[in-house]
Amino acid sequence: MDSTKEIFGITRRQFVTSSAAVLATSGFAHEANAVTALARQPSEQGKSGPGAGRGPFRVIIDTDPGVDDALALLLAMRSPELKIEAITPVAGNVPLDLTLPNALRMVEIAGRTDIPVAAGARAPLVRRLVTATYAHGENGLGGAVFPEPTTKPVATPAADLIRQIVRKYPGEVTLITIGPLTNIASALNSDPELASMVRGLVMMGGSLSGGNITPAAEFNVYVDPEAARIVFQSGIPVTMVGLDVTRRTSLTDDHVRALEAAQNPVSQAAAKIGRNAINHNREGGYLVGPNMHDSLAVAGFLDPAILKLQDYYIDVETTGELTAGETLGYSPVAGDLRRRPGMEKDATNMPIRGSAPTLASTKTSPVLRDKFVPNTKVAVEVDSARFFDLLIGRLSGSK
Ligand SMILES: [Ca+2]
């Protein structure tokens with residue numbers, strides 16, 4: 001499958017062309033176009049909103065459960081729009097020895113042991129693993145305890161399974177990644193043609209407004225920045241659902257009470273995880289949260305009206321002593337770089353530069369890209385109420 005394959009109902013070439021062309025038109029048109037990236041999916045059948053008979057869409061969910069991963073997995077498994085081809089745990093919030101059984105627990109709770117679960121990477125590509133037990137508890141589920149799973153993972157390693165599934169359904173599989181990107185990067189590294197066969201990648205990760213594990217970096221990208229960079233530069237159309245929007249999705253007592261009231265195993269498990277997470281957050285003295293980062297990425301795929309997207313060129317800082325894992329977003333139509341109507345065309349020529357040369361270097365200032373070409377649609381606004389309607393409704397079984 002070459003670069004003309006279909007993505008969201010348009011070809012990859014059209015995706016790039018339309019993204020570039022729209023920059024030459026008005027800011028409003030740009031915005032309108034940006035919003036359509038995810039919205040193309042429901043429009044395929046002329047319907048809108050969740051549960052409108054769309055799909056099913058083939059997806060692989062790459063995850064590091066993780067409190068919000070657990071709820072995201074349960075949401076996905078309760079969503080008829082998704083044909084979940086595999087769940088591929090990776091080391092992240094907690095080590096693989098916990099993320100793998102946690103994923104299997106969620107599959108059992110949802111009664112979806114038909115979904116293959118494949119063990120992924122134990123460590124990032126070139127770094128030591130940094131975990132987030134401070135946020136997710138020692139067991140990764142905020143201290144909510146569930147029985148040991150009896151379901152076993154499949155024998156195929158995650159990166160191999162990702163490659164096999166994408167090759168089996170070229171142009172059809174969307175990767176939903178809600179953990180560090182090690183498994184995906186490993187799959188892409190093993191098969192140079194693979195990226196062109198992936199329909200799209202919806203990522204919880206990154207931020208254009210500061211980090212959550214360092215001032216610069218969001219956790220998933222911080223853990224494996226080299227892997228994230230491979231993904232952003234792969235040519236796969238990426239939708240980045242980062243802290244810019246996920247910070248606006250605080251789980252509340254009311255949400256948890258709604259889950260507790262519903263008498264089904266998924267809702268009860270989600271309530272237990274949610275209750276523990278809220279308590280854990282309060283004990284930590286936080287004023288807001290816990291945020292449902294990962295569920296938002298899944299929900300945004302299910303119901304594109306939840307997120308507003310904007311075209312960016314995203315790259316990842318990998319060498320900064322203080323900034324490794326930072327996602328840099330270039331847009332010639334954002335902030336001070338906005339041009340008046342009719343002048344946006346020039347802005348697409350914006351070169352993307354690295355740091356200035358040092359006195360010891362004979363090189364001129366490196367130009368990383370000679371002009372702006374978007375590679376990512378970044379979620380810049382979220383309809384949080386609509387998101388929680390979907391999340392709580394699906395988990396409780398009322399929607
Ligand atoms: Ca996660």
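Student: Which strands does helix α13 lie across?
Tutor: This is a predicted model, to be clear. In it, α13 (residues 293-302) lies across β5, β6, β7, β8 and β12. The helix runs at about 150° to β6.

Student: What order do the strands of that open sheet take?
Tutor: The order is β4-β3-β5-β6-β7-β12-β8-β9, eight strands with mixed pairing. The edge strands are β4 and β9 (327-330), each pairing on one side only. From one strand to the next, the twist averages 30°.

Student: How many bridges join β5 to β6?
Tutor: Four, and the two strands run parallel. L175 has L201 in β6 as its bridge partner.

Student: In which sense do β3 and β4 pair?
Tutor: Parallel, over seven bridges.

Student: What about the peptide bond from P65 to G66, cis or trans?
Tutor: Cis, with omega near -5°. G66 is in the loop between β3 and α3. Most peptide bonds are trans.

Student: New topic. How many residues are in the largest nonpolar core?
Tutor: The core has 108 residues. L73, L74, V231, V241 and A297 have the most contacts inside it. Helix α3 gives the most to this core, with nine residues.

Student: What does L73 touch?
Tutor: Leaving out residues up to four places away in sequence, L73 touches I61, T63, P65, I87, A103 and M106.

Student: And α9, which of its residues are buried?
Tutor: P225, A227, A228, R229, I230, V231 and F232. That is seven of the eight residues in α9 (225-232), so the helix is largely enclosed by the rest of the structure.

Student: What covers those buried residues?
Tutor: The cover includes helices α7 (182-190) and α8 (219-223). It also includes strands β6 (200-204), β7 (238-241), β8 (307-316) and β12 (376-382).

Student: Zooming out, how many helices and strands are in the protein chain?
Tutor: There are 15 helices and 12 strands. Buried residues make up 53% of the chain's 399 residues. Of the contacts with a separation of 6 or more, 77% are between residues 24 or more positions apart.

Key
Residues numbered from 1 in each chain as written. Predicted model: local features only at pLDDT ≥ 70, side-chain atom pairs only at ≥ 80, totals over all residues. Buried ≥ 20, exposed ≤ 12 C-beta atoms within 10 Å, placed from the backbone. Contact = placed C-beta atoms within 7 Å. Pairing = 2+ DSSP bridges. Core = buried A, V, L, I, M, F, W, Y, C linked by C-beta atoms within 7 Å. Axes fitted to C-alpha atoms, helices over the stretch in contact; angles between N-to-C directions.
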